[in-house]
Amino acid sequence: MHSIIARSIVVAGRAHVEMCAAVLLCAVPTGQPMELALAAPAPVADSAAAAVSTPAAALTSEDSSLAEGRLTAVQMRRPLQQYFARFSDDRVLVRRVAQAVALEAKRQHVAASLIAAVVVTENTTLMPEAQSSVGAQGLMQVMPMHAGRLGCQSDDLVEIESNICHGTRILSWNLRTTKSSFAALLRYNGCVKGTNTPDCHRYPGRVLARAGRVRQEMLAAYAVSPVPAESPRVLQLAER
């Protein structure tokens, strides 16, 4: 097995922070520390990304988003399983949900924390056979009209993997065609005009708050240790 090391890129001048990459990744043997070098703080781009703080330094919203994006699907599974286990005692179900979320996150380039938050917000008890009063089905409450039209391997919306595939593709499309994750989530919830669901305008806030907590837990799967004073804004992360 391998853990990941992130090495800093020196960025000259605060004005160039947003134009430069923050980290580079390379594989090192498990057990060696992983260093994540952070550039100067950038403006918070989205409340979906929660900050992870330590006594020595703090991850900004953008930093934590980048850090989550560099986790592999395999690395995501354990913290996702731990999160979903709070909503179901069915270990097989929890494992399948976590694996499907991690896989589709990488396939569709959507944050796993956001997918997980949609799953739990839509289906708090993680019941694959759940159906809403308007006919939405499964874990991500996908409308039947989408079944089989999005390139997923199955059109069965009750099947865990198929439902998460369909739901993530719809979410991905909304993220690409709207100006913010807030607007994308309104559209996902069918709240374009705010009339389909009572108080549906609150839906994005609930999802993004959950996504922030999930992201914190995913990043906390790595131990964060203080760093020497002469090494400013560097986090040393060692895999537990």
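Colleague: Is cysteine 191 buried or exposed?

Modeller: Cysteine 191 is buried, because its relative accessible area is 4%. Buried means under 20% relative accessible area, exposed means over 50%, and partly exposed is in between, with a 1.4 Å probe and protein chains only.

Colleague: What is cysteine 191 joined to?

Modeller: Cysteine 191 forms a disulfide with cysteine 200, and their sulfur atoms are 1.8 Å apart. A disulfide is counted when two cysteine sulfur atoms lie within 2.5 Å. Cysteine 200 is also buried, with a relative accessible area of 3%.

Colleague: Which hand does the link of cysteine 191 and cysteine 200 have?

Modeller: That link is right-handed, with 65° about the S-S bond.

Colleague: Before we go on, what sort of model is this, and how is it numbered?

Modeller: This is a predicted model: local features need pLDDT of at least 70, side-chain atom pairs count only at pLDDT 80 or more, and totals for chains, interfaces and linings use all residues. Residues are numbered from 1 along each chain as its sequence is written, and side-chain values use heavy atoms, with hydrogens and water left out.

Colleague: Back to the cysteines. How many disulfides are there?

Modeller: The count is two. The other one joins cysteine 152 to cysteine 165, with 2.0 Å from S to S. That link is left-handed, at -95° about the S-S bond.

Colleague: Where do cysteine 152 and cysteine 165 lie?

Modeller: Cysteine 152 is in the loop between H4 and H5 and cysteine 165 is in helix H5, so the pair ties together parts that are 13 residues apart in sequence. Helices (H or I, at least four residues) and strands (E, at least two) are DSSP runs, numbered from the N terminus. Cysteine 152 is buried at 14% relative accessible area, and cysteine 165 is buried at 5%.

Colleague: What is the pairing if you number the bonded cysteines in sequence order?

Modeller: The pairing is 1-2, 3-4.

Colleague: New topic. How many helices and strands does the chain have?

Modeller: Seven helices and five strands. From the N terminus on, the order is β-β-β-α-α-α-α-α-α-α-β-β.

Colleague: What share of the chain is buried?

Modeller: Buried residues make up 45% of the 240 residues.

Colleague: Which residues have the most contacts inside the largest nonpolar core?

Modeller: Leu80 and Phe84, in a core of 42 residues. Helices H2, H3, H4, H5, H6 and H7 each supply at least two residues of this core. A nonpolar core is a set of buried Ala, Val, Leu, Ile, Met, Phe, Trp, Tyr and Cys residues joined through side-chain atoms within 4.5 Å.

Colleague: What does phenylalanine 84 contact, leaving aside neighbours within four places in sequence?

Modeller: Its contacts (heavy atoms within 4.5 Å) are Val94, Val97, Ala98, Val101, Ala116, Val119, Val120 and Leu126.

Colleague: And leucine 171, where is that?

Modeller: Leucine 171 is in helix H5. Leucine 171 counts as buried, because its relative accessibility is 0%. Not counting residues up to four places away in sequence, leucine 171 touches Val110, Leu114, Ile115, Val118, Leu185 and Tyr188. The C-alpha atoms of leucine 171 and arginine 187 are separated by 8.8 Å, and these two residues are 16 apart along the chain.

Colleague: Which residues of H6 are buried?

Modeller: Ser181, Ala184, Leu185, Leu186 and Tyr188. The buried residues of H6 pack against H4, H5 and H7. Just after H6, glycine 190 has a positive phi of about 70°.

Colleague: Is glutamine 108 buried or exposed?

Modeller: Glutamine 108 is buried, at 14% relative accessible area. Glutamine 108 is in helix H3 and touches Thr168, Arg169 and Ser172, not counting residues up to four places away in sequence.

Colleague: Last one. Where is valine 134, and why does it count as exposed?

Modeller: Valine 134 is in the loop between H4 and H5. Valine 134 counts as exposed because its relative accessible area is 60%.
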